[in-house]
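Q: Could you walk me through this one, chain by chain? I'd like to start with the strands and then move on to the helices.

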Amino acid sequence: MNAAELIEGRRICICVGGGGVGKTTTSAALAVGMAARGLKVAVVTIDPARRLANALGLEELGNEPRLVAPDRLPGIELRGELWAMMLDPKRTFDDLIDRVAPSPERAEEIKQNGVYRQLSSAVSGSQEFTAIEKLYELAEADYDLLVLDTPPAHNAVEFLSAPGRLTAFLGGGALQALLRPSGIGMRLLGLGAAPVLAALKLVTGVDLVSDLTAFFTLLGGMTEEFNARAARVEQLLGATDTAFVLVSSAQDRPIDEAIRFRETLRRDELPFVGAIVNRVNQPLPAAAPERGAEASLPQDDVPGLPPELATRVLACAADHAVLAQRDRANIERLRAAFAGEPILQVPDFSADVHDIEGLLAIHRVLFR
Amino acid sequence: MIFVTGKGGVGKTTVALALGLAGAHAGRRTIVADLGGIGDQAEVQVAPGLFRISVDPQSAMEEYLSVKVPGPAAAALRGSRLFQSFAMATPGMRELLCMGKLWELAQFERRTPDADAYDLVIVDAPASGHGAALLRTPRTFAEIARVGPIAHQARTIADTIADPVFTAVVAVSTAEEMPVNETLELRDALATATDPLELERVILNGRYPDRFGAADAELLSAAREASPQPAAVPVLDVALAEHHRAALQQLQERRLRAEFGERLQVLPYLFTPSVELPQLELLATELAR
């Protein structure tokens, strides 16, 4: 199976996985491959390597997809269109406020609020939230396929839980009621509210409570819009034409992580299509067992390879075989955790993959 | 307290454990704390003098409430889903709770009942950007909340983190371009923070051996061209690929060396099926040098 078959017929492809597994380059390679097949594709990258960003012409800001000139991708014939962008979380957050605020003045007030500023610029949570927000926004446009790279979290599950936490905060009608003195919500909440509010002040400090109150007062009726959006996003993520693709490397921990993430996707009933495992050490082609790699080494019949060098070459090959064996065992472990979904393997290229050559190398393997 | 951070996938957890083992061997009661919340949330002994704990905001919150809030209010809060979801969603609160727990682990007077003090707390921290943000959280929170017990607590934690006698940050990198870039960015981010910190050490993890020199590589290429035995070709390719990778790594190691000099420490790539205690022992020995 190749990557085109993996995500065929899907409108949204979300690449998830732990940090350092080549998610960004893989996302871009998927987008290139599908654009080459004639689709109009947009890829949203998060914090791409500078060289990759430059190669795709992403250096300009704008927070909107831009058409990638076909000549930036040597050797690829783009029958469709490739659009690419680099996510700007703060900007996406601000745009969202502009969109849902009842007036520009209110939007401005919110953007000046201390709690909002903290919320929208916090490293953890805001990338995840805004990535999903951007996806939602672009899903309304006329792309055939959206490919979303996801933020580098310490665990992949964070990508699914963080946006919900932020939405719960923004859309927390109950919280508003709690913070509004003598509001009807207070009475409705009954026993809990008064001591909770008192304790909240005790624990967090009065100033924080008043800042939050100010923030939620500004949000006013907008919380309903946040909740409605969250519900539509949830629909989008669970839709039958959405595909979650797990990206991993073949080492122990990333594979553990991938297995955990697979379980989360299954629990949340999200559409999972398969995995792409990068940097797989390939086994040496099996020499006849009675001969082994050693016997086939050109020690005697190739002039210029002294025995001492041959010994080092053998040690290197033996070490490599251990890694290939490890990778194979890990991929089998991953396969056992899957319900038959395919696993595409990308070999280790013994070089950095964070540039256009790396992207094209991964693309060649995925779409062969 | 040592915070171990670096780009995703560089082996932070392995290095944190190896540092922990080195600490335990030096006779210091050591705990390695991760923030995944996936492992055991109690302090568990894993080797003589070495403990592990997985810190998560939820249990940190419950522990904090039971210690800090008097009487029935604590129970009301613990039982209140409203409060829980509110607290967890408040920007920075989760990070602050985790930092609070880590800080508590490093106190000689533990607030956890019957808990002994540690000489060394090693934090298997999130990746660079998130790691630096985590370190900033107490100060940020103290400024937002201004007054009240949390502000007070946050300020105390922030002051300890800012104290280089108490806190060190160690960056882990591999000898590849992106992780090295991130290490340099981390150094700059820490240096320009409100409470500037310096990278105590940079650990280059997974350095490939320089098994073949340039002359060797020429011989290998020649042999590959001339080889009449197809089975020998992939073996030679593996050797040439390793040579190529080692050469690239050398460039990146030089970049780090130029910036960090003696503060750079190199750990070898381990060609083993997995990293277990014997491999960690090996790395701990390297680190203790």
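Predicted model: local features only at pLDDT ≥ 70, side-chain atom pairs only at ≥ 80, totals over all residues.

Q: How many bridges join β1(B) to strand β6 of chain B?
A: Five bridges join β1(B) to β6(B), which covers residues 168–173, and the two strands run parallel. Within that pairing, B:Val4 has B:Val170 as its bridge partner in β6(B).

Q: And is β1(B) mostly covered or mostly open?
A: Mostly covered, since β1(B) spans residues 2–6 and five of its five residues are buried. The burial applies to both faces of β1(B), with B:Ile2, B:Val4 and B:Gly6 on one side and B:Phe3 and B:Thr5 on the other.

Q: What order do the strands of the chain B sheet take?
A: The eight strands of this open sheet in chain B follow the order β3-β4-β2-β5-β1-β6-β7-β8, with mixed pairing. At its edges are β3 (44–47) and β8 (264–268) of chain B, each of which pairs on one side only. On average, neighbouring strands of this sheet are turned by 25° against each other, direction ignored.

Q: Which strands does helix α1 of chain B lie across?
A: Helix α1(B), residues 12–25, lies across β1, β2 (30–34), β3, β4 (50–54), β5, β6 and β7 (199–207) of chain B, and its direction is at about 170° to β5(B).

Q: Give me the overall numbers for chain B, please.
A: Chain B has eleven helices and eight strands, and 48% of its 289 residues are buried. Along the principal axes, its C-alpha atoms fill a box of roughly 85 × 40 × 35 Å. Of the contacts in chain B with a separation of 6 or more, 65% are between residues 24 or more positions apart.

Q: Switching to chain A, how many helices and strands does it have?
A: Chain A has 17 helices and eight strands, and 46% of its 368 residues count as buried. Taking the contacts in chain A between residues at least 6 apart in sequence, 75% join residues that are at least 24 apart.

Q: What about the sheet there, and which strands stand at the edges?
A: In chain A, eight strands form an open sheet in the order β3-β4-β2-β5-β1-β6-β7-β8, and the pairing is mixed. The edge positions belong to β3 (66–67) and β8 (343–347) of chain A, and because each has a single partner strand, one side of each is left without a neighbour in the sheet.

Q: In which sense do β3(A) and β4(A) pair?
A: They pair in the antiparallel sense over two bridges, with β4(A) covering residues 81–86. A:Leu67 has A:Trp83 in β4(A) as its bridge partner.

Q: Where is A:Val68, then?
A: A:Val68 is in the loop between β3 and β4 of chain A.

Q: Why does A:Val68 count as buried?
A: It counts as buried because A:Val68 has 23 C-beta neighbours inside 10 Å, where the cut-off for a buried residue is 20 or more. Leaving aside residues up to four places away in sequence, A:Val68 touches A:Leu56, A:Gly57, A:Leu82, A:Trp83 and A:Ala84. A:Val68 and A:Leu58, ten residues apart in sequence, are 8.6 Å apart from C-alpha to C-alpha.

Q: Last topic: at what angle do helices α2 and α17 of chain A pack?
A: Helix α2(A), residues 23–36, and helix α17(A), residues 356–366, pack at an angle of about 60°, with their axes 9 Å apart. That angle makes α2(A) oblique to α17(A), and the crossing of the two is right-handed.

Q: And which residues of α2(A) and α17(A) meet?
A: On the α2(A) side they are A:Thr25, A:Thr26, A:Ala28, A:Ala29, A:Leu30, A:Val32 and A:Gly33, which meet A:Gly358, A:Leu359, A:Ile362, A:His363 and A:Leu366 in α17(A). By class, this contact of α2(A) with α17(A) has seven nonpolar, five polar and no charged residues.

Definitions and conventions
Residues numbered from 1 in each chain as written. Chains lettered and ligands numbered in written order. Helix = DSSP H or I, 4+ residues; strand = E, 2+ residues; numbered from the N terminus. Buried ≥ 20, exposed ≤ 12 C-beta atoms within 10 Å, placed from the backbone. Contact = placed C-beta atoms within 7 Å. Pairing = 2+ DSSP bridges. Axes fitted to C-alpha atoms, helices over the stretch in contact; angles between N-to-C directions. Parallel < 35°, antiparallel > 145°, perpendicular 65-115°, else oblique. Left-handed = near helix turned anticlockwise from the far one by under 90°. Nonpolar A, V, L, I, M, F, W, Y, C, P; charged D, E, K, R; others polar.
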